[in-house]
Each structure stands twice: as structure tokens, then as C-alpha cells.
Amino acid sequence: GAYQTAIYKAVNRDGCTVRNLPRRLISIPVLDLSEHVDEALEIILLSVRRSVTQTKAFTATFDTIGVHADSKGAHYISLQATSGHEPLQDLRARLSSELNRYGFNHQEGNWQPHIPLTRIDGESLPEAMPALSSSISLHIAGLSVFGCHPSSRSEKDFGLRYSIEFPARI
């Protein structure tokens with residue numbers, strides 16, 4: 001929250017639009033399967049359960065700010081993991097292998113564990129980002145699956161679909 005406010009103050013003076021990504025929980029995106037969640041939730045959850053059986057709770061340290069630009073000129077600001085993130089990378093590799101087994105297309109390749117913080121629309125400069133005052137160590141003890149589901153407020157609502165703690169049993 002405080003860092004997102006600092007980003008807003010640093011970038012807003014340049015006439016950019018700052019969109020803080022809403023977070024009730026700190027999340028570290030591992031894979032994006034948004035178009036598949038509704039049509040094959042049970043297979044996805046089976047893949048998740050199989051993938052986490054080898055994972056135990058661990059601590060990762062985040063102390064670097066990352067800036068990534070998309071093809072439309074928006075910048076995404078995130079907190080990057082700098083140590084202790086190997087279990088996350090191993091988990092992602094196992095989950096990717098399981099999903100490939102069932103024929104699910106998903107983004108593969110180079111991935112850095114991160115916590116998304118903010119999106120900035122417009123010409124913003126990474127140099128405008130405030131420095132992080134200290135590192136953050138997080139105890140990671142589970143995995144959650146988020147996705148769209150029917151709700152009374154709208155046709156589809158994005159939210160938590162499934163959570164599992166480490167180590168998991170099938």
C-alpha cells in the first residue's frame with residue numbers, strides 16, 4: 001500500500017494514469033490459464049495437486065523493483081524475488097509439465113517470481129520509481145487458483161477458486 005502510494009506520487013506529476021492492482025492478499029502469479037479455468041477446472045486442480053506434492057513451505061526474499069513495458073506502452077511495476085525463490089521456479093516447472101500433459105497452452109519460458117503492484121498507462125520513466133526502503137521476506141505455504149466464475153453482481157466475477165497448503169496430498 002505505502003509503496004503503491006509512493007509510485008502514484010512519483011509518476012502522477014507526469015500526467016500518467018496509475019492503476020494500483022487490487023490486492024486482498026499478496027499474490028505471486030505462477031501461470032496464467034484464464035481462458036481455461038471454467039472449461040476444465042477439475043483437470044487444472046488435479047494438475048495443481050500433483051505439482052505441489054513435492055513442495056514444502058519456504059521463505060522468499062523480495063527486494064528489487066522491476067519495471068516491464070507491454071506493447072501498448074503501459075508499464076507494470078512489481079516487487080522481484082531475489083533469493084529463496086527456487087522452490088517457486090521448481091513448482092512452476094512441475095505445473096507446466098502437468099498442464100502440457102493434458103494439452104493446455106500457457107506461457108512458458110523465462111519467468112522471474114514477482115508480486116505485481118501497479119500498472120502505469122502513458123509515457124512513464126522507470127527512473128521515476130521510488131526506491132524500496134527494505135527487503136521483504138515472505139513465508140510461502142500454499143498455492144491458490146484464481147479465475148472467473150458466475151456471480152450475482154455480474155455475468156463473471158474474478159476470485160479465488162481453490163487453495164492448497166504445502167505439502168499437499170493427492
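Helices (H or I, at least four residues) and strands (E, at least two) are DSSP runs, numbered from the N terminus. With that in mind, welcome to the tour: the protein has three helices and seven strands, in the order α-β-α-β-β-α-β-β-β-β along the sequence.

A word on what you are viewing. This is a predicted model, where local features need pLDDT of at least 70, side-chain atom pairs count only at pLDDT 80 or more, and totals for chains, interfaces and linings use all residues. Residues are numbered from 1 along each chain as its sequence is written, and side-chain values use heavy atoms, with hydrogens and water left out.

**Stop 1: the whole protein.** Show everything first. Of its 170 residues, 38% count as buried, meaning under 20% relative accessible area with a 1.4 Å probe and protein chains only (exposed is over 50%, partly exposed in between).

**Stop 2: helix α3.** Select residues 86-101, the 16 residues of α3. From first C-alpha to last the helix reaches 23 Å, close to the 22 Å expected at 1.5 Å a residue; the expected span is 1.5 Å times one less than the number of residues. Now colour the buried residues of α3: Leu88, Leu91, Arg92, Leu95, Ser96, Glu98 and Leu99. They lie on the same side of α3, because they cover an arc of only 165 degrees around the axis, taken from the directions from the helix axis to the C-beta atoms. After α3 comes glycine 103, with a positive phi near 80 degrees.

**Stop 3: serine 51.** Next, pick serine 51 in helix α2 (residues 41-52). Is serine 51 buried or exposed? It counts as buried, because its relative accessibility is 2%. Its side chain reaches the backbone nitrogen of leucine 95 at 3.4 Å. Apart from neighbours within four places in sequence, serine 51 is in contact (heavy atoms within 4.5 Å) with Leu91, Arg94, Leu95 and Glu98.

**Stop 4: strand β2 and its partners.** Select residues 58-69 for β2 and 75-83 for β3; these strands run antiparallel and are joined by eight bridges. Two strands pair if DSSP finds at least two bridges between them. Isoleucine 65 has leucine 79 in β3 as its bridge partner. Five residues lie between the strands of this hairpin, where glycine 73 takes a positive phi near 95 degrees.

Methods. Polar contact = N/O pair within 3.5 Å; in protein donor to acceptor, adjacent residues only side chain to side chain.
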